[in-house]
Amino acid sequence: MNNQDKNQRKKERKQNRRLFSVISIRLILIGVIGMAGLFLVLGFLFLEHEKAEAHELIIKKLHDVREDSFSMLEETVNMSLSDDAVVVEMLKNESGDLSKKLRAYQEKKYLNGSCEISVIDKNGIITASTKNEYIGIDIHDEDQFSELIPLVEHKTTFVMNDLERDSNDAFDKTLFAAMPFSDGDGFLELEYSRNGVENIIDGILARSVSFQSVGKDGYMMTVNREGMIISCYKPEYLGKNISESGLSQDRLEADNNKVFRMDVFGEDSWVVSGLRSGITIVGVLPISEMIDAALRNLLAFSILLIFIIIVIFVVVFVILKRNVIDSIKSLDVGMTQIAEGNLEQKVDVYSTKEFKILSDGINDMVDSLRGYIREEKERVDKELEVAREIQLSSMPPAGSAFSDETRFAVYATINTAKDVGGDFYDFYMIGNTLCFLIADVSGKGIPAAMFMMRAKTVIKNYAESGEPPASVFTLANKKLCEENDTGMFLTVWMGFLDITTGLVKFVNAGHNPPLLIRDGKPEYQKVKPGLLMGTLDMARYRENEIQLQPGDALYLYTDGVTESVNPDDMYYGEDRLREVLSGEIHSVGKDYCREVCRDVLLDVNGFAGDAEQADDITMLCLRYEGETT
């Protein structure tokens, strides 16, 4: 993957992260808005619920107070009857008119005559009474006294008749109650008038209301006909007129038994009222208590809801991370390695059925792609093999060159890093002159091979035209610079050997210096090289000379020799090359040249070991023998 592809992939990932952030922010906003809407709805529902609860509470409290007053009536009447029985029993044992004594007692205890007192003997005859017309009546003969018969028949020890109420809680008949005297001699009977019963109940009610709260801050109170608060759970309101609270008698009577909203003593409250024969019972519950309760419930529910949402979110996130996010990451890792060229990578994300289908699809696609690449590689390999054969065939065969020549010997070898390399060598005769050269083209593969073929042809054409060595390079360089759109270049070392004198005229275009081996001692022939060929069409090259003596040899090589690398990333180097060339070789002629190239190649391969060959290795060895007699 080149830098442009990597940058494009980084850009795509950055865009994906930005898109993910935008989506996440929008989802969070939607969630926040949804939660806010949910809390508003819940708040409204809780307020309505608390409103209904408040209404139910205050109405129930009013009902309970009213019902309690009637349930306490029997107890109160029983206690009053017991007290009266003690007094009347004493009066009965005294001499004198008992009815008269009863009326005196009545005036003392029941000032408004709200209760009639009667004494009944064992047979059910009224023997004395504060009401004269009752004296002498047999209770068995009067329907209004029929409820007292079980007492006379000793079936019970206390009798009180049932009362019925109208819509205003008033009574539709009087109240009878009776119990036997302690000595067993007759019975005492009390008959309360409607007003008398109501007075008792009002007293009960006043005591009951004084201890009745509504909720936490609410209260009950009773109001008389004059609008005076005569009893209240909050004593600070006793004696105040109801108008001071913000209520009015008319409103209380108009909304009887109905809950309404109003400011009571400066506090927004729910109010309910009930009339009871001139007495108004009022229940008050501050709305703030309802709101506080709603907020508390909303807060508790919200905490629970948030906790549940967090738990659900964590569970969903874990499931989503495990089944989706981690799977996507695994897919991305696998796809990244595949995109970087690792076609052996397998995508095995099988967390869900969908990812399994996707993974299998990717693997099938990579398998097909690997097959296409293998087929293409085989095709390219065949083409490269053909190109390599063409390339090698364009160079003179090292082993059979000048087999009949005794004045010199030449041998060359090339080992390409790829099937087709950019190195080349050449040698040919022009009259009595041996032209020999070695070159290294930038790059590898078919483009380098094509440029090599062109350079080889151009140099040979100018050399065979009879131009001197420096002019050959100058003209060839200018030609190679033309239409060099690929920007390729090459280094070249070329020598012209006069086989009769041993004089070598040479030109160096940026190439490695050759080694002159004389008397078994190799020395580098370093001169200032010219520019690389193919870089600047105005370049000029300089001619140099080497005088060879019989038995001297020149060793030419490309940088694939000295720049070979071992597994420790160490270079082979010029010093090691010179040391190898210092070895004793007893052969002469072509065998000598062959053994020189063989020894160097073996040493280079031994040095490199398992390290991959990174560059072409090309060598040429020339040995000058001189004229023979």
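Tutor: Happy to! A disulfide here is a pair of cysteine sulfur atoms within 2.5 Å. Keep in mind that this is a predicted model.

Student: Which cysteine sulfur is closest to the sulfur of cysteine 597, and how far away is it?

Tutor: Cysteine 597 is buried, as its relative accessible area is 1%. A bond would need the two sulfurs within 2.5 Å. The closest sulfur is too far for that: it belongs to cysteine 621, at 5.4 Å.

Student: How many disulfides does the count give?

Tutor: Remember that a disulfide is a covalent bond between the sulfur atoms of two cysteines. With the distance rule applied, the number of disulfides is zero.

Student: Now the helices: is helix 11 parallel or oblique to helix 12?

Tutor: Helix 11 covers residues 574–581 and helix 12 covers residues 589–608, with their axes 10 Å apart. They pack at an angle of about 135°. That angle makes helix 11, relative to helix 12, oblique.

Student: How many residues of their contact are charged?

Tutor: Helix 11 contributes Arg576, Leu577, Val580 and Leu581, while helix 12 contributes Val596, Asp599, Val600, Asp603 and Phe607. Six of the contact residues are nonpolar and none is polar. The number of charged ones is three.

Note on methods
Residues numbered from 1 in each chain as written. Predicted model: local features only at pLDDT ≥ 70, side-chain atom pairs only at ≥ 80, totals over all residues. Heavy atoms only, no water. Axes fitted to C-alpha atoms, helices over the stretch in contact; angles between N-to-C directions. Helix = DSSP H or I, 4+ residues; strand = E, 2+ residues; numbered from the N terminus. Parallel < 35°, antiparallel > 145°, perpendicular 65-115°, else oblique. Contact = heavy atoms within 4.5 Å. Nonpolar A, V, L, I, M, F, W, Y, C, P; charged D, E, K, R; others polar. Buried < 20%, exposed > 50% of the residue type's maximum accessible area, 1.4 Å probe, protein only.
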